Amino acid sequence: MQLYNTITRKKEEFRPLNPPKVTMYMCGPTVYDYFHIGNARSFIMSDILRRYLQFKGYQVKFVMNLTDIEDRIIKKSIDANKSADEIAGLYSDAFFEDIKKLRVREADLYPKATLHVQEMIELIKDLEKNGSAYNVDGDVFYDVKKFSGYGKLSGKKLDELEAGARVDVNEIKHNPLDFALWKKAKPGEPSWDSPWGKGRPGWHIECSAMSTKHLGETIDIHAGGNDLIFPHHENEIAQSEGVFKKQFVQYWIHFGFLNIQNEKISKSLGNFFTARDVLARHSAESVRLFFSQTHYGGPLNFSDELLTSAQKGVDKIINLAERIEQLLLLDNENGNVPSFNIQNFLTEFEKVMDDDLNTPQAVAVIFDFVRSANKIIDENEKLSKKSLIEMKSFLQKTAEEVLGIVHFDELKKNNQPSLEEDLLKLLVDLRETLKLEKNYKLSDEIRNRLNSLGIILADSKTGATIKRK
Ligand code: AMP
Ligand code: ZN
């Protein structure tokens, strides 16, 4: 399987350190608000990557952190007159509710920053000891000049970065690019004891500490949105490699940004659609299909119309799934076994997904399959159970397990016929009686009017069979 690695700027063969185990870390939410539909894109695409690795037989340990102490949380807590803990608690709960609704599979762990402050302090102490960090009166900074690889992820050179950096008048840092590892406590802010006095960790050290603690010093995959490449991930590398002196991450995966009408999602532009707003209008499956129809690495524009049209695609898959389930209820042990090579579709699905997770092509393979399967069902009065089970299994492996756009255990259950089915049966029985009574005018009218509704009655010796157009 090939994956595009941000740090080498090319597609590379994926070779985890200890196969079949894969360690994967995803930068999770800062829990200061409901997350928006742009965040949802990153959460869903990381979920699809993880699911696909599982499909390939890897045992993935997937960790997504919760940033529950950060500037934005403190600001919100002051604005809302609540404690930072209350704000983080409220929006963590909302986060779990929303990702569940989006069918994002639960991570193996959701470490919280506030429960790892000691680990962060240890890392900062090590950085200070080896000369990579300095303390200015209770604020501790990372000295980027001490890390020769600084800029290797974002592809920027230190002097270019320095030229572009904003210099604060009250600068206490040695270099404008140096970043905070530990922030001295300000009145009213949450704080922890440390060797540098009371304070709180900087955002970047949170992820270095939590990923090392739960996944080790070198991890296979580290993922997040594009916006995190610089400075967040660049700084994570400087911190972790600055302490452990070994490669921090094998494969850096970044998700393209979701925009709304080509604008960045932001509160001030009034286009901050929360995932819950969107889920009140659209299904999770349509959101997932919509995201899957574009490669994860590129930008994507969001609109309600696009989700409505994605729903039509979801419906096509659901219709086929329901059709298969319905046919499986019949006794069709001796049905036809059409020459329909499902394995070819599966091979094609895997081939395109192996090419840097080409979900748009994978979706195209699924729709090709849907068309072919429907045609085969139409053409064969009876299909063998084996063929139907194979069809079901293709959809389960691809559309359900990997993309999460259909859910077999939630399909309409047709063991109990619906009223529509009952009424249809009633009409067909009535027509049989009319035919026996030689009332062909009325029996033909029933057949013609059903035909105009898309229901085709084909007479046979054993009675009429029903087909849908
Ligand atoms: P945050 O809560 O802002 O730290 O973001 C949580 C995750 O969503 C991170 O992995 C971000 O990179 C990602 N993210 C933020 N905004 C967008 C966006 N508009 N499109 C895609 N991903 C985003
Ligand atoms: Zn992070």
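Is Gln261 buried or exposed? I looked this up first: Gln261 is exposed, with a relative accessible area of 66%, where exposed means over 50%, buried under 20% and partly exposed in between, with a 1.4 Å probe and protein chains only.

**Conventions.** I note that this is a predicted model, in which local features need pLDDT of at least 70, side-chain atom pairs count only at pLDDT 80 or more, and totals for chains, interfaces and linings use all residues. Residues are numbered from 1 along each chain as its sequence is written, chains are lettered from A and ligands numbered from 1 in the order in which they are written, and side-chain values use heavy atoms, with hydrogens and water left out.

**Whole chain.** I found 15 helices and 14 strands in the protein chain; these are DSSP runs numbered from the N terminus, helices being H or I of at least four residues and strands E of at least two. The C-alpha trace spans about 100 × 50 × 35 Å along its principal axes, and buried residues make up 51% of the 469 residues. Of the contacts (heavy atoms within 4.5 Å) with a separation of 6 or more, 76% are between residues 24 or more positions apart.

**Backbone.** I returned to Gln261, which lies in the loop between strand S11 (258–260) and helix H8 (275–281) and has a phi near 45°, positive in a residue other than glycine. Lys438, in the loop between helix H14 (419–436) and helix H15 (440–452), likewise is not a glycine and has a positive phi of about 60°; at 60% relative accessibility, Lys438 counts as exposed. I also noted two cis peptide bonds: one joins Pro19 and Pro20, with omega about 5°, and another joins Phe230 and Pro231, with omega about 0°. Pro20 is in the loop between strand S2 (10–13) and S3, whereas Pro231 lies in helix H7 (residues 229–244). Most residues other than glycine have a negative phi, and most peptide bonds are trans.

**Zinc site.** I then listed the donors of the zinc ion (ligand 2), which are Cys27 (SG), Cys207 (SG) and His232 (NE2), at 2.1 to 2.2 Å. Donors are N, O and S atoms within 2.8 Å of the metal (3.2 Å for Na, K and Ca), and water is not among the atoms, so sites may look incomplete. Cys27, in the loop between strand S3 (21–26) and helix H1 (37–55), and Cys207, in helix H6 (residues 203–215), are 180 residues apart and link distant parts of the chain. Cys27 is buried at a relative accessible area of 8%, and Cys207 is buried at 0%.

**Helix H10.** Finally I examined helix H10 (residues 304–328), which packs against helix H12 (residues 359–379) at an angle of about 40°, with the axes 10 Å apart. H10 is therefore oblique to H12, since angles under 35 degrees count as roughly parallel, over 145 as roughly antiparallel, 65 to 115 as roughly perpendicular and the rest as oblique. Axes are lines fitted to C-alpha atoms, for helices over the stretch in contact, and angles run from 0 to 180 degrees between N-to-C directions. H10 and helix H13 (residues 385–402) pack at about 145°, with their axes 10 Å apart; among the residues that meet are Ile317 and Leu320 in H10 and Leu388 and Ile389 in H13. Glu322, also in H10, is buried with a relative accessible area of 14% and touches Leu411 and Lys412, not counting residues up to four places away in sequence.
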